[in-house]
Amino acid sequence: MFDNLPILSLLIFLPLAGAVLVSLTPRQHPGLMRGFTLGVTLLVFVISLPLFFNFDSSRIAFQFEERREWIPAMRATYHLGVDGISLLMVLLTTFLTPLVILSSWNDIKTSIKGYLVSMLLLEAGMIGVFVALDLLLFYVFWEVMLIPMYFIIGVWGGPRRIYAAVKFFIYTMVGSLLMLVAILFIYFYYGKVTGTLTFDFVQIRELLFPENYQFWLFLAFGLSFAIKVPMFPFHTWLPDAHVEAPTAGSVILAGVLLKMGTYGFLRFCLPLFPNASLQFAPLLSVLAIIGIIYGAWVAMVQPDIKKLVAYSSVSHLGFVMLGIFTFTHQGLQGALIQMVNHGLSTGALFLIVGMLYERRHTREIADFGGLARPLPVFTTFFMIATLASIGLPGLNGFVGEFLVLLGTFLTNKTYAAFAATGVIFAAVYMLWMFQRVMFGRLDKEENRRLRDLTRREIAVLVPVTAMMVLIGVWAQPFLGKMETSVDALIRTVHARAAKVNDAPGLAPLDLGWRIASPPAVAGE
């Protein structure tokens, strides 16, 4: 019944229309602008719900598709659609955005109009990235979301906000330009082979690229996505951006923006460049494991709670990358659900750290201790988010990490053993931090006077906490949505890689360097 509704366009253009209306609202009415923005983002969330409930899990093809001419002279199309890989990412975006608007109700006190417009533009760009099925359209949305995020960090961030914003912009732009070059190469190569110029992903994915081309195209796309993940050693922009961004910016950054990198690997690198994906799998798996352990070790020694959570993201996203490049059903499902889990649990932690900062204007662990007594409700939410982040059974983090480790174990037991240490280290640094902040002696007078969570703050944390528990105890509705798409992706990678190897015209040329053979895949 929703096939004829442009539901995906509504998700993109409602925030854009909201941004225009907010920009026209007089500055003397900040409450009206906040309420309107919250209403728009809630409406976007409500409209996105039919995507989940009406999504046919048995279909491989994209659903809720929309296709229109966009730039006829270049044969660029306005082509949108979702499958089991993008569905939960869209819902995660629409779910988190109204919560961060509500969380920043009193936090942002200057240039409120600009802040709300930036958040609405950011939401439109993020949704566009996850539903675009035209390479040029994807690139446009990828760039669109970069600009509001730059301003959110640079205008409403901390003391070093300019440095953090510029660093974030430069890193992302370098990767983006490489991806643009690769997109143009694909466009002209497809035209040369087929006689038709197009940016349409659905058409382009039917073309087999020679192995040498795959190598360079994978590098161009992969570097852009690895920076966005951020994957070790391209992660150095992340702690600065997280620490300096306002709370809402940190939540969106951790909850959604970082997932664009891992989503890019799944959407474009694996199906378009299957041979290169298999060849790069050992290298990327090793880098992912280094990221898991390195992120955990650096997080362990951080005196700043927000910086600790930021480095934990490097570790958690290492699990996602490791799961993707196992090429197993368990690994890919684990990676996808872990993308959602990280958005929820790390998003909740950033919200909690922001609430604590609003009260004490410090994030130093040494400035706290014994907060459980004056802040019992705060402590409860903080404890649940902490336990979810370390993967306690019964909460969402366990499901993703277990599946990733299971998929890794099926392909390489050594990788699985090293990656599993990350789970142990996560428990050490998170529980140690929680113990130092919430328990012990309440020996600072400022901490004795702290007030517990307000109703608005509880309203922000309850939905996130409920989702963490729901996925932890009943993950099947979410895993079931992605199952067919994940199976199809794994079959596509191996089938297309075999075709490239068998086709004389696509046989690999000698580059003088090769990565080690890909890991064996159980059951294949």
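Modeller: The account below starts with confidence, then takes the pockets and the salt bridges.

This is a predicted model, in which local features need pLDDT of at least 70 and side-chain atom pairs count only at pLDDT 80 or more, while totals for chains, interfaces and linings use all residues. Residues are numbered from 1 along each chain as its sequence is written, and side-chain values use heavy atoms, with hydrogens and water left out.

The mean pLDDT (the predictor's confidence in each residue, from 0 to 100) is 91, and 95% of the residues reach 70 or more. Residues 507–524 have pLDDT below 50; beyond near neighbours in sequence, this stretch makes 34 contacts in the model, a contact being heavy atoms within 4.5 Å. Where pLDDT is low, the predicted coordinates should not be read in detail.

The largest pocket holds about 640 Å³ of space. A pocket is found on a 1 Å grid over the protein atoms alone, as an open set of points where a 1.4 Å probe fits, with protein on both sides within 12 Å along at least five of seven lines; lining residues have an atom within 4 Å of a point. Grid points are joined across faces, edges and corners, and the volume is the space filled by probe spheres set on the points. Of the 28 lining residues, Trp156, Gly157, Gly158, Tyr357 and Arg363 are the closest to the centre. Two or more lining residues come from each of α6 (146–156), α10 (237–244), α13 and α14, where helices are DSSP runs (H or I, at least four residues) and strands likewise (E, at least two), numbered from the N terminus. The largest share, five residues, is from α14. By type, the lining has 11 nonpolar, seven polar and 10 charged residues; Ala, Val, Leu, Ile, Met, Phe, Trp, Tyr, Cys and Pro count as nonpolar, Asp, Glu, Lys and Arg as charged, and the others, Gly among them, as polar.

Arg363 also takes part in a salt bridge, with Asp304 (3.4 Å, N to O). The term requires a side-chain nitrogen of Lys or Arg within 4 Å of a carboxyl oxygen of Asp or Glu. This pair links distant parts of the chain, 59 residues apart: Asp304 is in the loop between α12 (274–300) and α13 (305–324), and Arg363 in the loop between α14 (329–360) and α15 (376–389). Asp304 is buried at 11% relative accessible area, and Arg363 is buried at 17%; buried means under 20%, exposed over 50%, and partly exposed in between (1.4 Å probe, protein chains only).

The whole structure has 10 salt bridges. In another of them, Asp83 and Arg267 have their closest N and O atoms 2.6 Å apart. Asp83 lies in the loop between β2 (76–82) and α3 (87–103) and Arg267 in helix α11 (residues 247–272), so the pair ties together parts 184 residues apart in sequence. Asp83 is buried at 5%, as is Arg267 at 3%. Glu65 and Arg67 meet at 4.0 Å, N to O; Glu65 is partly exposed at 37%, and Arg67 is partly exposed at 43%. A network of salt bridges links Glu65, Arg67 and Asp200.

The second largest pocket has a volume of about 390 Å³. Its 19 lining residues include Ile60, Arg205, Pro271, Ala488 and Thr492, which lie nearest its centre. Helix α20 gives the most to this lining, with eight residues.
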